[in-house]
Amino acid sequence: MADNPLSEQEPVDGKMVTDQDRLVDEHLTAVYRYAFRLTGKAADAEDLTQQTFLIAQERIDQLRDPSRARGWLLTVLRRCFLKNCRRKKETLAGDLELPLEHIPEQPAGDSFDREALQAALDELPPEFRLIVVMFYFEQCSYKEIAASQELPIGTVMSRLSRAKSILRRRLFAESVEVSSGSDHCSVQGGSPNGQTVD
Amino acid sequence: MMIERKILEALDACRPASDDLHSADHPELAEAAALVREDAAVQEALTRVQHFDQQIGQAMEDVDLPEGLAARVKARLAAVPAVVAIQATEVAPVEAAEPVSLSLPADSTRRVWMLRAAYAAAASVAVAVGVWQYTATREVQLSRGDFRALSKDLHTQALSAEDWQTDLAQAPADFPFPKDALLANAKRFKTFPGDRHAVAYDVSFGNRKATLIVYRGTAPELDVVPPRTPSFDSQGVYQGLWRRNGLLFALVVEGSPAVYRQLLPSNQGTLG
C-alpha cells in the first residue's frame with residue numbers, strides 16, 4: 001500500500017487505479033467465496049462482500065502490511081458476518097445436541113458436491129459455521145480461532161468437532177449409523193469392499 | 001471401535017496436511033497423539049478424519065463468482081470517497097492488521113460526528129466552487145444492483161445525519177419528490193454534497209424508518225413505476241427502485257414488505 005492508502009496509482013489503460021481497486025482485484029475471489037460459505041446465499045454473500053470492502057476502505061490505514069491484506073479482509077468479513085447474525089437473531093448454538101457420529105472410511109467419490117457441502121454448512125449455527133470456514137478456508141489452527149473469536153480453546157475444539165460431525169453425517173447420510181452414548185464415538189464407515197469397520 | 005469424544009475432538013482439531021498432532025505448540029493434542037501411536041483404531045480414525053478434511057478443504061473454495069461482482073463492488077466504493085478521505089486521516093492506527101471496530105456510519109457516535117463534519121465541509125466547498133451545479137446535471141449509468149447498493153448506503157447515511165432541512169420549498173427542483181408515485185409525504189429533505197448527485201426525502205411514519213432517494217442517473221433495467229414487491233436484504237431493509245425523466249428513485253424502508261406497500265398507492269403498478 002502507498003503511504004496514503006487512498007492515493008491514486010499509475011494509470012492503466014488511461015484509467016486511474018486506486019488501492020481500493022487493487023484490493024478488490026486481488027482479494028475479491030477469496031472474500032466472496034468466504035462470504036458465500038458463511039451465508040449460503042449468493043445475494044447475502046454479495047452484500048457481505050460489499051460491506052467488507054466498504055469497511056476495509058474506511059479502515060485501510062490500519063493495514064500496514066500489504067502481505068496481510070487477505071487475512072485482514074477476512075477478519076473484517078467475519079466480524080461483519082457475526083454482527084449481521086446478531087441482528088438476525090439466528091439459531092443459537094444450544095440447538096447443537098449431537099448424536100454420536102460415525103466417520104466414513106471412504107467418502108463417496110473423489111470430491112464433494114458443492115451444493116451438498118453448502119447445504120451441510122447451512123445446517124450449522126453461524127458461530128459453528130464460522131469456525132468451520134476458518135478451519136478449512138483459512139486453515140486456522142484451533143488456537144488461532146480461539147484467539148480470534150475470543151473463545152476458550154476447549155470450546156473451539158468442541159464446536160469444531162461437533163460441526164464436522166454434522167458435516168460428516170450430512171454428506172454421508174446414506175452410510176451413517178447412529179450409535180448412542182455420550183462419552184464415546186463410534187468410528188465406523190463403509191469400507192471399499194462394503195464391510196463395516198468397527 | 002469406540003473412542004472418547006475428547007480424542008475425536010483432538011483429531012478433528014488437527015488441520016489438514018499439518019503436523020499439529022505432534023507439534024509442541026499444541027499440548028491439548030498430546031494425549032491423542034500418544035493414542036495414535038499406540039492404538040491402531042485411533043490411527044484409523046485419524047486417517048479417516050484427515051481424508052474427510054482434505055476433501056472438504058478442496059470443496060470449500062469451489063464457488064463461482066457472480067458476473068460483474070468486481071464492477072459492482074468498485075462502483076459502490078467509488079460512491080463514498082468524500083467520507084472515507086476524511087475518516088481515513090482521523091482514525092488512529094492500530095496494530096498491523098486488526099481492525100478496531102466495524103461499525104457502519106449509522107452505528108457510531110464518533111462516525112456520525114465525522115459524517116456531519118464531512119458533509120458540512122464538503123457542502124461548503126461545493127457551494128463555493130459550484131460543484132453542485134456541475135455534478136447535479138451529470139448523469140451516471142448504474143445497474144440495478146449498483147443503484148440498490150447505493151440507495152441503501154444513502155438511506156443509512158441520511159438517517160444518521162442531522163443536516164436535514166424541513167423547508168421542502170427549498171428542495172432542489174431538479175430532484176423532485178415523486179408525489180404521484182407515493183402515498184407518503186416528505187417531512188424533510190437532505191442533499192448529499194460533493195459527488196453524490198442525490199437528495200433524500202424522509203418519509204418515515206410511526207416508528208418505521210423510510211427514505212425516498214432521488215438520484216440523477218440512468219438505469220435501463222428499471223421500470224418507470226415503483227415495484228409492488230420490493231427487494232430486501234438480510235438486515236430487513238426493503239427497497240423499490242424505479243426511474244423516470246432522467247432520475248432514479250429508491251424507496252427504502254426498514255421493516256417489512258407490508259410497511260413498504262403502505263407507502264404506495266393501491267393502484268400502483270405491479271412490477272418487480
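**Cores and helix packing**

Guide: Leaving aside its neighbours within four places in sequence, A:Phe53 is in contact (heavy atoms within 4.5 Å) with A:Leu23, A:Val24, A:His27, A:Leu28, A:Val31, A:Leu73, B:Val73 and B:Leu77. The model is predicted, so that local features need pLDDT of at least 70 and side-chain atom pairs count only at pLDDT 80 or more, while totals for chains, interfaces and linings use all residues. Residues are numbered from 1 along each chain as its sequence is written, chains are lettered from A and ligands numbered from 1 in the order in which they are written, and side-chain values use heavy atoms, with hydrogens and water left out.

Visitor: How many residues has the largest nonpolar core?

Guide: A nonpolar core is a set of buried Ala, Val, Leu, Ile, Met, Phe, Trp, Tyr and Cys residues joined through side-chain atoms within 4.5 Å, where buried means under 20% relative accessible area, with a 1.4 Å probe and protein chains only. Those with the most contacts inside the largest core are A:Tyr34, A:Phe53, A:Val132, A:Leu167 and B:Leu11, and the number of residues in this core is 76.

Visitor: Which helix gives the largest share of this core?

Guide: Helices are DSSP runs (H or I, at least four residues), numbered from the N terminus. The largest share of the core is ten residues, and these come from residues 69-88 of chain A, which form helix α3.

Visitor: How are helix α6 and helix α7 of chain A placed to each other?

Guide: Helix α6 (residues 142-149) and helix α7 (residues 153-171) of chain A have axes 9 Å apart and pack at an angle of about 115 degrees, the axes being lines fitted to C-alpha atoms over the stretch in contact and the angles running from 0 to 180 degrees between N-to-C directions. Angles of 65 to 115 degrees count as roughly perpendicular. The two helices, α6(A) and α7(A), are therefore roughly perpendicular to each other.

Visitor: Which residues of α7(A) make the contact with α6(A)?

Guide: On the side of α6(A), the contact is made by A:Tyr142, A:Lys143, A:Ile145 and A:Ala146. On the side of α7(A), the residues are A:Ile153, A:Val156 and A:Met157.

Visitor: What share of the residues of chain B count as buried?

Guide: Chain B has nine helices and seven strands (E, at least two residues). Of its 272 residues, the share of chain B that counts as buried is 49%.

How values were computed:
Buried < 20%, exposed > 50% of the residue type's maximum accessible area, 1.4 Å probe, protein only. Parallel < 35°, antiparallel > 145°, perpendicular 65-115°, else oblique.
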